[in-house]
Every structure is written in C-alpha cells, then in structure tokens.
Amino acid sequence: MICKDCGREIPEHSIYCNWCGVKQLRERRSREEVKVPTPKQLPSGSWTVYLRAEGQSVTEPTRELCLARARALRAGFLEAKKTAGGMTLGAAYDAYLEARKGVISPSTYGGYVKLKRSTFVRLMTQDVQRVTGEQVQREISQMALEGKSRKYIANAVGLLSSVLRSYAPDVKLDVRLPQKRKAEPRKIEDDEIGAIMAAVRGTVIELPVLMGLWLGMRMSEIRGARFEDIHNGRLHICRAVVTDIDGEPTEKPPKTFSGDRWVDLPPEILTLITAQGRSEGYIVEMSGQAIYKKFTRVLEKAGIEHCRFHDLRHANAAVMVRLGIDSRYAQERNGWASDRMYKQVYGYTMGDKMSDVSASIDSYFTDKFTDGTKK
C-alpha cells in the first residue's frame, strides 16, 4: 500500500501513514463489485475459493487470479462447470482416480482401484448426487459383519468421502466406523532373530532378509536399491520400487522425505552384495511377491512362527530399543518422519529383556520388603 500524501510504502489496510502520519482515505467499494468469499491458500501454494451458490470451487496459482476468476464466474462472464448430475458413483470414482493417477504412488493408485472394485459395490450404479449416509452406513455395517478390519473400512470410507467432496459436495456423510480394537502385532523375539538369520543363510533371500532385519529397510526400498547407490561402504536409500495395478515394477521416490537417507553397510551384507557378481542395476532383482513367498517357506521349514516381511523392520526397531539407541539416531537411520513412529508404532519390548527388567524391580522391592519384616 502506498501513502497518498508522501508516496512511501506502508502496511496494507493502514489507517494512518507510519511515516508522515496522514490519514489514508479508503476508496468506497463500488455497488456493482461482485462479492466472493475470501480465498484460502493450499499446502501446495495455490489459492482456492468455493462458490456455494454455483456449486464449484476455483483454484489458481495466485490469490489475485483466484479472486478474478471467481468474480468472473459469479458475474456470469465464465460458464460454470457442469455439475455431476446424472453421473454414477462408479463414474465419479473413475474420474477421481484418473485425475490423480500421475501424482499419487502407483501402489496407492492400485489400492484405490481395488477398493473401488470391492467396496460399496451396490451403490456404484446409483446417481452420485443421491447417495445417502444411511446407505453408506449399511455398507459399512455389512463389511464389519464380513470380518473386514477397521483400517480397511476406514480406508474405503476415506476414499468415498474424497470422491463425494469432488463430485457431490452437497452429500454429507455422518457415519460410524467399527470400534477400535487393540492390535497385537507379531513380535519377533531375540532368539527368533538368530533363528531367522540362520534359516536364510546361504539361500537366495539371505540378502533381502538381512537388508530388512539388519538395516531396517522397507521391501520397496530393498527392491529399489542399486549398485550405483553404494559409496565408500555406505548405501544411499533414495528410491523405492513398487508393483503397479498391472503387476509391473515401478520406481518412485522414498515414502517420506526422511526416507531419503544413508546407512552403513556391515561387512557381512557388503560381502553378499559383492557376491552378486554385478556392479550396476538393482541389487535385488526378485519381485516383492517372490521374496515374500520364499521367506514364508523358509520360516515354515525352520519351524519359526509366521510373520510378515515388514515385521523384520519392526524387529530392527525393537533391537534399537533393547540397545538403548537414542530416538533421534533411530529416526534418521530408519527414515521415520517422527520419533512417534519409532516409540509408539515400530519399537516394542522383547520378552526376555522385559523379564530382566521385572526381575530387577522385584529384587529392589524384595529387599525393601525383607528389611521391613526384620524390623
């Protein structure tokens, strides 16, 4: 804002100039000026405003352009987009997914497609504008009765809500999800870690298993690691390989910014990498499904309780908890966005260590109890 008297720049909407003290005269708003809501800035940096009367939103790179387009739309200078009237819920899903196909992870896109095929199937041929909360609640209840997990149902409802916000903003969902239940994760204990390492020794999955168990890498990061990423005995974890909806391997960036990290390669793992006999390309060339199937067969043959491949990463976190590794180092080493993931989600206490802790506490109080009895 420029002072009308001295011509110097002053803060926007100032009543007095902080240089010369002259009161600033505000121009009256023209009666013909079209009023629109105040634009809001999105995390991406773009600006958006929702025109309720027109039933559509306007998003532009700058605030000024957003306001101008919104006013032009409200004044009738621009033709409003056609509403989704007559569009089925299934078509709305397809349009929503197609618009985001290039900006979301291939595995996420594939997951959305699977959710579309398997959830709210009875509603897919219905007009998207006529979907009701009661219908959605019935579908949720049916999924719960069929034994679907709360997480699965929540993901399905989340996707449906996003589709409705885009193509039927007037449809409001007020639904209830199944009650949360405490999940008991599979805990790989201290003695099992040695048993797993012994079971995979000399097999084709020894390297990927050690990369998950010893280095705490995700399956997608193991598949994405290349020989070219190794420098001076350290591995740069900078990409992931996932399977897309067509079953083809696809490269993507790490899951989070923190996922781009460096880890030291111990001699045991570096020897296995060198033994591959190659110096370029992917270190592990097997598909994720092949690794998992071979891993479960090895566990079964060795008489080790079944666990997911991702449980190896949890076990790595449990080892760091056991060794008293500071959360800041653990967070950086395993690429978590926050230490909450390390403390509350991944890191668990091992049974034998907890027994030692309990024994120490019992010993302390037993001594106190004995001293009190002697008195």
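**Exercise 1: an arginine in a strand**

In this predicted model, R261 is buried, with a relative accessible area of 4%. Determine where R261 is placed, and what its side chain reaches.

Solution. Begin with the cut-off: buried means under 20% relative accessible area, and the 4% of R261 therefore falls in that class. Next, locate the residue, which belongs to strand 8 (residues 261–264). Finally, list the surroundings: leaving aside residues up to four places away in sequence, R261 touches several residues, among them R218, E221, H236, R313 and E332.

**Exercise 2: an enclosed helix**

Explain why helix 7 (residues 206–213) is described as largely enclosed by the rest of the structure.

Solution. First go through the helix residue by residue, finding that E206, L207, P208, V209, L210, M211, G212 and L213 are buried. Because eight of the eight residues are buried, helix 7 is largely enclosed by the rest of the structure. Then identify the cover of these buried residues, which includes helix 6 (190–200), helix 10 (288–302) and strand 5 (234–237).

**Exercise 3: a helix and its span**

Compare the span of helix 1 (residues 63–75) with its expected value.

Solution. Helix 1 has 13 residues and reaches 18 Å from its first C-alpha to its last, close to the 18 Å expected at 1.5 Å a residue. Its buried residues are C66, L67, A70, A72 and L73, and their cover includes strand 2 (47–51) and strand 3 (56–60). Just after helix 1, G76 adopts a positive phi of about 95 degrees.

Definitions and conventions: Residues numbered from 1 in each chain as written. Predicted model: local features only at pLDDT ≥ 70, side-chain atom pairs only at ≥ 80, totals over all residues. Heavy atoms only, no water. Buried < 20%, exposed > 50% of the residue type's maximum accessible area, 1.4 Å probe, protein only. Helix = DSSP H or I, 4+ residues; strand = E, 2+ residues; numbered from the N terminus. Contact = heavy atoms within 4.5 Å. Polar contact = N/O pair within 3.5 Å; in protein donor to acceptor, adjacent residues only side chain to side chain. Expected span 1.5 Å × (residues − 1).
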